[in-house]
Amino acid sequence: MRVLGIESSCDETGIAIYDDQQGILSHQLYSQVKLHADYGGVVPELASRDHVRKTLPLIQAALAESGCTAADIDGIAYTAGPGLVGALLVGATIGRSLALAWNKPAVAVHHMEGHLLAPMLEEHAPEFPFLALLVSGGHTLLVRVDGIGRYQILGESIDDAAGEAFDKTAKLLGLDYPGGALLSKMAESGTPGRFVFPRPMTDRPGLDFSFSGLKTFAANTIRAQGTDAQTKADIAHAFQCAVVDTLAIKCKRALKETGLKRLVMAGGVSANRQLRAQLAQMMTELGGEVFYPRPEYCTDNGAMIAYAGLQRLKAGHTVGLELSVQPRWSLDTLLPVA
């Protein structure tokens, strides 16, 4: 089976063609970062309009790169949520229309299921069951995964997601949007131990997260300590250590509670080098193993949507002519794939 995947949930237009025998045949991605940089965040209406401009040309480029025509495509998968409603509607409308025109089945894919399954795109893929840490700009989730569609949410953020906290703190430090990666780069020259930030919600039972207070702690520290270059680097270092430690503590707690030995991490923040190194060390100490996708599949992309869509199309999960997107959509409501 060969599936065309369309991702348009936020500010990146991702198109990919995935073949269940040959793997990824084409991967096209357009980022709207420059478009939204002047506003310090994503402007939903501008995001939607840019998806309108970019989606069809990227589909044409993906077909050309893979040497495929419409006749070679067996199904179309598109992101139906969660995300920005206007952006989702662009991808869903184009995906469903192409399916109708080409007489192919279509499937609506959950954006976070795409991230969760992204490590399956790698040669060394995890086996079920495993614990998944999904960390992105919009979500922070700990999920027990017993199979595709067999998800149990163990913990989630009650306020800001980890990626959102990174970007907001970066903005406080005067970094351009999106600032998460820039903050991580700045943290490399920070002085360890000069500032110590709290590890929120780690001193109580449970697996939920909270990063809003950490952002406020950073803001207060910046106001009190000044903004010379070294101080900003030291604050960035302390903030990143606090987030990474918090994620690691919660993962370790979840692994002990579930008895699982495999940890998957995915989403934009999973590309963070300190997080990868710390979780890898933790899993070695626990006698387990950690899995994650390569950096280009950590952020939003069409390959993960094509892969997730292929699994559901194989199981007979398709959508009709009706068009429906879900800006809010809980991962644990998905149907299992037998």
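## Surface and overall form

Accessible areas here come from the Shrake-Rupley method with a 1.4 Å probe, and for residues only the protein chains shown count as cover. On that basis the chain has an accessible surface of about 14,100 Å², and carbon and sulfur atoms hold 52% of this area. The structure is a predicted model, in which local features need pLDDT of at least 70 and side-chain atom pairs count only at pLDDT 80 or more, while totals for chains, interfaces and linings use all residues. Residues are numbered from 1 along each chain as its sequence is written, and side-chain values use heavy atoms, with hydrogens and water left out.

The chain has 10 helices and 10 strands, where helices (H or I, at least four residues) and strands (E, at least two) are DSSP runs numbered from the N terminus. Its radius of gyration, taken over C-alpha atoms, is 20 Å, close to the 20 Å that the globule rule (2.2 Å times the number of residues to the power 0.38) gives for 338 residues, so the chain is as compact as a globular protein of that length. Along the principal axes, the C-alpha atoms fill a box of roughly 60 × 45 × 30 Å.

Of the 338 residues, 54% are buried; buried means under 20% relative accessible area, exposed over 50%, and partly exposed in between (1.4 Å probe, protein chains only). Contact means heavy atoms within 4.5 Å. Among contacts with a separation of 6 or more, 73% are between residues 24 or more positions apart.

## Strand β1

Two strands pair if DSSP finds at least two bridges between them. β1 runs antiparallel to β2, with 6 bridges joining them, and a hairpin of 4 residues connects the two strands. Leucine 4 has isoleucine 17 of β2 as its bridge partner. With β4, β1 pairs in the parallel sense over 4 bridges; here glycine 5 is partnered by alanine 77.

## Helix α10

Helix α10 covers residues 302–314, and its end C-alpha atoms are 18 Å apart. At the N-terminal end, asparagine 301 caps the helix, with a side-chain oxygen 3.1 Å from the backbone nitrogen of alanine 303. Glycine 316 follows α10 and has a positive phi, near 85°.

The helix is mostly covered, with 12 of its 13 residues buried. Among them are Met304, Ile305, Tyr307, Gln311 and Arg312. The cover over the buried residues of α10 includes β1 (2–7), β2 (12–19), β3 (23–31), β4 (75–81), β5 (106–110) and α4 (111–117).

Alanine 92 sits in helix α3 (residues 85–102) and is buried at 0% relative accessibility. Leaving aside neighbours within four places in sequence, alanine 92 contacts Tyr78, Leu323 and Val325. Its C-alpha atom is 9.7 Å from that of alanine 106, 14 residues apart along the chain.

Threonine 231 belongs to helix α8 (residues 229–258). This threonine is buried, with a relative accessible area of 1%. Not counting residues up to four places away in sequence, threonine 231 touches Arg194, Phe195, Gln225 and Gly226.

Technical notes
The expected span of a helix is 1.5 Å times one less than its number of residues. A polar contact is a pair of N or O atoms within 3.5 Å; within protein, one must be able to donate a hydrogen and the other to accept it, and residues adjacent in sequence count only if both atoms are side-chain atoms.
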